[in-house]
Amino acid sequence: NDNCGATVSYVISGATIQASTSGQVGTKTFNKGVSTITYTVTDARGNSATSSMTVTVNDTQAPSITPASNITQNMNNGSCAATVTIPAATIIDNCTTVTFTYTITGSTTGSGSGQVPARVFQKGLSTVTYTATDNSGNTSTATMTVTVVDNQNPSLVVGSSVTVNAITGGCTATTSVSNAVFGDNCTGTVLSWVMTGATTGSSTGQVGSRTYNVGVTTVTYTATDGSGNTTTGSLTVTVRDLQTPTITAPANVTVSTDAGQCNAAVTILSTTIGDNCPNPVLSWVMSGVTTGSGSGQIGTATFNKGTTTITYTVTDGSGNTASGTQTVTVNDTQSPVVTAAANVTVSADAGQCTASVSVTD
């Protein structure tokens with residue numbers, strides 16, 4: 001206002017700058033920050049007055065972050081980690097200056113500014129958290145994950161198979177097998193084993209020295225890493241039984257035929273057998289006047305008159321055999337019985353000095 005009329009002009013300084021301009025400001029675009037508008041009113045005589053105001057533009061908009069998609073990648077060959085290249089995250093803000101940082105947590109840890117460079121990630125799940133901060137202190141965060149998968153099987157080399165003889169008088173042998181050699185691209189691999197066949201059992205670690213039964217035992221090793229990948233290998237332990245069984249046949253037998261018979265029922269004493277391993281099998285064959293064969297003890301059998309040879313054979317589970325014999329002699333000590341027909345008296349045939357006579361048997 002002026003008593004004689006006046007003109008107005010303004011100057012803008014600060015965040016927004018504009019040289020002296022006449023008239024009112026009206027609608028205008030102001031930059032972020034504080035801008036000062038200084039008005040000057042001047043009358044026709046050159047008298048002037050000034051007054052100022054400020055326009056403050058606050059940035060309350062947080063930046064936006066769009067990270068790359070989650071990544072799953074196999075480990076480097078022979079390593080328990082993977083070199084991963086992460087595509088750049090996209091950061092957008094209404095103002096130009098943004099500070100960008102990241103933090104890695106989980107199986108891999110670390111932090112830095114700007115985009116995440118190609119780097120080594122450890123096995124498992126790592127979370128990458130991005131933080132964008134603009135000049136006004138507005139912040140936003142976004143995350144993505146990097147999963148490193150162990151798809152590599154452990155290595156496993158088992159020792160050579162072993163063959164030993166059973167101990168004297170026993171059906172077992174104690175022997176050692178070479179340690180299995182195993183490894184993996186990651187630590188924490190566990191070795192286990194299972195025995196099948198003649199000897200059974202299972203445990204973890206090396207087999208070492210153990211007692212094995214006669215026969216073939218298969219030892220199967222399994223190496224299992226922390227991710228569940230496995231490798232198996234096997235060897236055999238063979239315990240040979242080279243010891244022959246023992247056999248003692250009963251004494252020879254001599255008997256008379258049964259009354260009215262041309263043979264005799266004879267009870268044969270048991271044959272004594274033994275072996276270093278259990279359950280040897282007894283069999284027998286009869287030859288001579290009586291023939292036959294069977295397994296187990298004979299017990300009571302009928303033998304014909306004359307001499308019968310019984311050959312016993314004991315066989316163990318490894319096929320080793322031993323034999324023994326006995327004879328059974330059946331003698332006929334019974335005299336024959338004869339009854340003559342009655343005496344016969346006849347007359348000489350006619351004109352003959354003899355007679356044809358039929359004698360009863």
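Biologist: Leaving aside its neighbours within four places in sequence, which residues is F121 in contact with?

Modeller: Happy to start there! F121 is in contact with A81, A82, V84, I86, I104, T108, S126, V128, V146 and V148. Contact means heavy atoms within 4.5 Å. Please keep in mind that this is a predicted model, in which local features need pLDDT of at least 70 and side-chain atom pairs count only at pLDDT 80 or more, while totals for chains, interfaces and linings use all residues. Residues are numbered from 1 along each chain as its sequence is written, and side-chain values use heavy atoms, with hydrogens and water left out.

Biologist: What makes R119 count as lying over the face of F121?

Modeller: The rule asks for NZ of Lys or CZ of Arg within 6 Å of the ring centre and within 35 degrees of the ring normal. R119 is at 5.6 Å from the ring centre of F121 and lies over its face.

Biologist: Which residues have the most contacts inside the largest nonpolar core?

Modeller: They are V84, I86, F121, V128, Y130, M144 and V146, in a core of 21 residues. A nonpolar core is a set of buried Ala, Val, Leu, Ile, Met, Phe, Trp, Tyr and Cys residues joined through side-chain atoms within 4.5 Å. The elements giving two or more residues to this core are β7 (81–84), β9, β12 and β13 (139–149), and β13 provides the largest share, four residues. Another core lies apart from it, with 20 residues, among them A173, V207, V214 and L235.

Biologist: Why is the aromatic pair of F100 and Y130 called stacked?

Modeller: Rings of Phe, Tyr and Trp (its six-membered ring) pair if their centres lie within 6.5 Å; planes under 30 degrees apart count as stacked, over 60 as edge-to-face and the rest as tilted. F100 and Y130 are 5.3 Å apart centre to centre, with 10° between the planes, and the pair is therefore stacked. The structure holds two aromatic pairs.

Biologist: What does the pair of F100 and Y130 tie together?

Modeller: F100 lies in strand β9 (residues 98–106) and Y130 in strand β12 (residues 124–134), so their pair ties together parts that are 30 residues apart in sequence. Strands here are DSSP runs (E, at least two residues), as helices are (H or I, at least four), numbered from the N terminus.

Biologist: Are F100 and S293 buried or exposed?

Modeller: Buried means under 20% relative accessible area, exposed over 50%, and partly exposed in between (1.4 Å probe, protein chains only). F100 has 11% relative accessibility, so F100 is buried. Y130 has 0%, so Y130 is buried too. S293, in strand β28 (residues 292–295), has 55% and therefore counts as exposed. Leaving aside neighbours within four places in sequence, S293 is in contact with W284 and V285.

Biologist: How do you know that strand β1 (residues 6–14) and strand β3 (residues 33–43) pair?

Modeller: Two strands pair if DSSP finds at least two bridges between them. β1 and β3 have nine bridges, in the antiparallel sense, so they pair. I12 has I37 in β3 as its bridge partner.

Biologist: How many bridges join β1 to strand β2 (residues 18–22)?

Modeller: Three bridges join them, and the two run antiparallel. β1 and β2 form a hairpin with three residues between them.
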